[in-house]
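Subject: Handing over the structure

Hello,

Here is the structure I promised to pass on to you. Please have a look at it first, and then read on for what turned up.

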Amino acid sequence: MEEREMRLMKGNEAIAEAAIRAGADAFYGYPITPQTEVMEYLMETDATARTGMAVLQAESEVSAINMVYGGASTGHRVMTSSSSPGISLMSEGISFIAGAELPCLLINVSRGGPGLGTIQPSQADYFQTVKGGGHGDYKLLTLAPSSVQELADFISLGFDLAFKYRNPTMILADGALGQMMEKIYLPEPRPRMTEYPDWATNGTPEGKERRFITSLNLLPQEHELVNIRLQKKYREMEKNEVRYEMIQCDDAEYVIVAFGIIARIAQKSIELARAKGHKIGLFRPITLYPFPYGQIRELSDNSRIKGFMSVELSAGQMIEDIRLAVEGRKPVGFFGRLGGMVPTPEEIENALYDYFNIK
Amino acid sequence: MAKIQGAITVDRERCKGCELCVYTCEKGVIGMSTTVNSKGYHYACMVNPESCIGCTNCGIICPDGVISVYRVKVEE
Amino acid sequence: METKDIIKPENLVYQKSRLMAEKQFNFCPGCGHGVVVRTIAEVIEEMGIEHDVIGISPVGCSVFLYDFYKFDVVEAAHGRACAVATGIKRVQPDKFVFTYQGDGDLAAIGTGETMHACNRGENIVIVFINNGIYGMTGGQMAPTTLEGMKTTTCPRGRDVKTMGYPLNITPLLAQLDGVCYVTRHSVHTPGNVRKLKKALRQAFENQRDKKGTSIVEVVSNCNSGWGLSPKAANDWMVENMFKKYPLGDMKVDGKLVMDMNAPR
């Protein structure tokens with residue numbers, strides 16, 4: 001890690017720099033707080049001059065996601081980033097990309113909702129992201145970074161997973177991660193692609209069968225087969241791509257389950273609680289889809305563990321998946337802040353004490 | 001003096017009986033068949049083949065491209 | 001000479017392009033779409049760019065274009081063809097990209113994408129079929145539906161007071177600096193089809209020479225939507241559609257050639 005270039009960077013700019021280094025071929029975006037610096041950085045650093053990648057500001061998020069669909073259909077590494085309302089506008093396009101089985105990278109630097117909401121961080125897009133924000137049965141392999149380092153590292157990982165499964169990858173970040181600055185080791189640059197997959201519609205070479213990209217089917221029998229193929233793909237993801245981190249769970253009696261920025265704050269809460277002799281641990285899902293049901297279930301089988309608490313910047317969404325994993329073996333409490341408010345470590349600590357009436 | 005003679009073939013099964021070729025042919029070569037294809041359409045056919053000069057207008061105007069046109073120069 | 005002696009390969013002077021796939025068109029009998037789709041294939045075949053072209057077929061009667069062509073085609077969401085085309089063109093600037101859009105796709109739901117692709121001067125060809133109605137969904141009003149024209153969603157005729165005026169969009173697009181060529185054609189006579197073919201050829205050459213956006217509008221019939229036979233529909237089109245959407249060039253090589261004060 002040490003020989004890599006170390007820089008103090010803002011999350012949004014780390015996304016942009018990492019995209020250039022990941023060999024992205026195109027970024028099609030639209031301004032929306034709190035993530036506009038991604039596109040600004042790409043323009044400022046003149047990414048096109050650096051690697052030849054295309055950087056284009058579209059006229060709307062609807063247009064941007066369809067530019068991504070077009071670029072993705074040619075087998076290039078194409079991405080966009082936006083924030084909650086923009087992602088809602090993109091939901092039809094995202095469903096089309098999943099339905100046409102195209103790889104691309106999406107980033108949601110979430111903000112308080114619903115409606116125009118606020119520009120502060122939120123995690124209330126959880127359901128929209130992992131349960132499907134657009135129409136039809138599709139899934140987005142969703143990575144949840146909780147540091148600027150992970151924001152940078154997940155870019156090339158996100159592209160690779162997208163191409164591995166021919167499916168969009170979503171990085172679910174939030175306004176805090178996007179706006180905060182941290183020391184990071186920059187990813188190693190890799191070149192843009194020069195070979196493209198056989199299915200890509202980039203002009204069929206002589207003597208080859210021409211290609212086409214569509215998500216349309218007139219015959220339900222055919223579309224069911226497409227859906228079955230998609231479901232098989234999602235089972236593969238669930239088998240191979242679950243990522244999580246457990247901190248101080250070996251001796252924990254209570255486990256906080258939290259992702260993203262909350263997982264950072266919760267670690268301070270744990271520190272404060274342990275100083276008072278309370279053994280608290282943290283389970284941090286890194287992939288929100290596929291969700292680490294198995295690992296949480298395993299924890300809930302451990303007799304030492306008396307209960308879980310889901311801490312979210314929402315009214316309680318991930319808690320449903322935690323309860324699905326725990327299936328009533330242990331109580332699962334909840335603490336959340338809404339509308340862009342971010343809890344202090346003490347608030348989380350006290351919420352835990354209240355729910356499990358720990359004195 | 002050389003005379004141009006033409007002829008057309010019609011892919012009967014693919015003709016939808018829209019009759020645009022009939023109206024387009026200035027020589028009155030094309031008419032609609034009395035029988036129908038498997039989709040139930042009357043299809044275009046040459047009713048005055050000798051008048052055809054192979055000008056390709058019918059081929060061009062046909063929305064489904066079912067008409068192929070042939071032309072040959074015939075010495076008198 | 002007997003007909004059977006004339007019909008020989010060496011005497012063949014016209015047949016549909018070899019870039020047409022086996023699949024039969026799903027257009028209604030006598031629909032102008034078929035002629036435009038075939039003419040595009042002829043131009044692509046003659047320019048020898050079949051291995052470097054990508055067509056975009058958005059929602060509408062044209063959505064199954066990928067079944068009809070033997071070259072790459074990408075189906076797009078309704079209204080988003082110009083954005084999809086931009087997305088492709090920006091990562092592959094030397095490939096040929098064309099969109100094939102109906103009036104609903106280009107001038108209703110896709111107005112934003114169309115306007116801004118043109119304003120960016122994307123080096124693409126936009127083929128725009130204007131038949132004043134939504135065909136695929138069964139004959140509803142479109143932005144280009146004429147005043148008083150009956151459709152399933154204006155069964156007593158389009159009332160401009162409550163349903164808006166017919167949108168003549170190509171003259172608007174012609175005024176955008178990024179646009180280099182705007183022309184309007186029809187396919188109801190062989191002469192017009194030949195003119196269309198020249199215009200399409202010009203459009204693709206503009207793209208090759210990176211001159212900006214080319215728009216080829218085709219005023220066409222919709223027999224089932226208008227409730228007329230193909231011949232009667234063409235006659236009605238000439239009588240009514242051409243008044244509001246006159247044929248001819250609007251912009252050539254970046255210069256406006258239309259009379260701005262002509263009645264629209």
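Let me start where chain C meets chain B: 15 residue pairs are in polar contact there, both residues of a pair being at pLDDT 80 or more. (A polar contact is a pair of N or O atoms within 3.5 Å; within protein, one must be able to donate a hydrogen and the other to accept it, and residues adjacent in sequence count only if both atoms are side-chain atoms.) On the chain C side, at least two residues each come from helix 1 (3–6), strand 1 (12–14), helix 2 (32–47), helix 9 (190–208) and helix 11 (230–244) of chain C. Helices (H or I, at least four residues) and strands (E, at least two) are DSSP runs, numbered from the N terminus. Sorted by class, that side of chain C holds 16 nonpolar, 10 polar and seven charged residues. Here Ala, Val, Leu, Ile, Met, Phe, Trp, Tyr, Cys and Pro count as nonpolar, Asp, Glu, Lys and Arg as charged, and the others, Gly among them, as polar.

A word on the basis: this is a predicted model, in which local features need pLDDT of at least 70 and side-chain atom pairs count only at pLDDT 80 or more, while totals for chains, interfaces and linings use all residues. Residues are numbered from 1 along each chain as its sequence is written, chains are lettered from A and ligands numbered from 1 in the order in which they are written, and side-chain values use heavy atoms, with hydrogens and water left out.

More on chains B and C

In this interface, 33 residues of chain C are in contact (heavy atoms within 4.5 Å) with 34 residues of chain B. The two chains bury about 2700 Å² between them, 61% of it on carbon and sulfur atoms. Buried area is the accessible area (1.4 Å probe) that two parts lose on being put together, summed over both. The rule finds one salt bridge across this interface, a salt bridge being a side-chain nitrogen of Lys or Arg within 4 Å of a carboxyl oxygen of Asp or Glu. The side chains in it are those of Arg14(B) and Glu22(C), at 3.4 Å from N to O.

The two chains also share strand pairing (at least two bridges found by DSSP between two strands). Strand 4 (residues 67–74) of chain B and strand 1 of chain C run antiparallel and are joined by two bridges. Tyr70(B) stands opposite Leu12(C), and Val69(B) has Tyr14(C) as its bridge partner. Within chain B, strand 4 is also joined to strand 1 (residues 3–10) by eight bridges, again antiparallel, with Gln5(B) opposite Val72(B). Strand 4 of chain B is largely enclosed by the rest of the structure, because six of its eight residues are buried. (Buried means under 20% relative accessible area, exposed over 50%, partly exposed in between, with a 1.4 Å probe and protein chains only.)

Chains A and C

This contact takes 35 residues from chain A and 32 residues from chain C. The area buried is about 2500 Å², and carbon and sulfur atoms give 57% of that. In chain A, Glu59(A), Arg210(A) and Leu216(A) lose the most area to chain C, together 22% of what that side buries.

Between chain A and chain C the count is two salt bridges. Arg211(A) forms one with Asp72(C), the closest N and O atoms being 3.6 Å apart. Strand 9 of chain A pairs with strand 3 (residues 72–76) of chain C in the parallel sense, over two bridges, and Phe212(A) stands opposite Val73(C).

Two residues to look up

Met318(A) is in helix 13 (residues 318–326) of chain A and counts as buried because its relative accessibility is 0%. Leaving out residues up to four places away in sequence, Met318(A) touches several others, including Tyr126(A), Phe259(A), Pro285(A) and Phe291(A).

Phe242(C) lies in helix 11 of chain C and, at 15% relative accessibility, also counts as buried.

Enjoy exploring!

Best wishes
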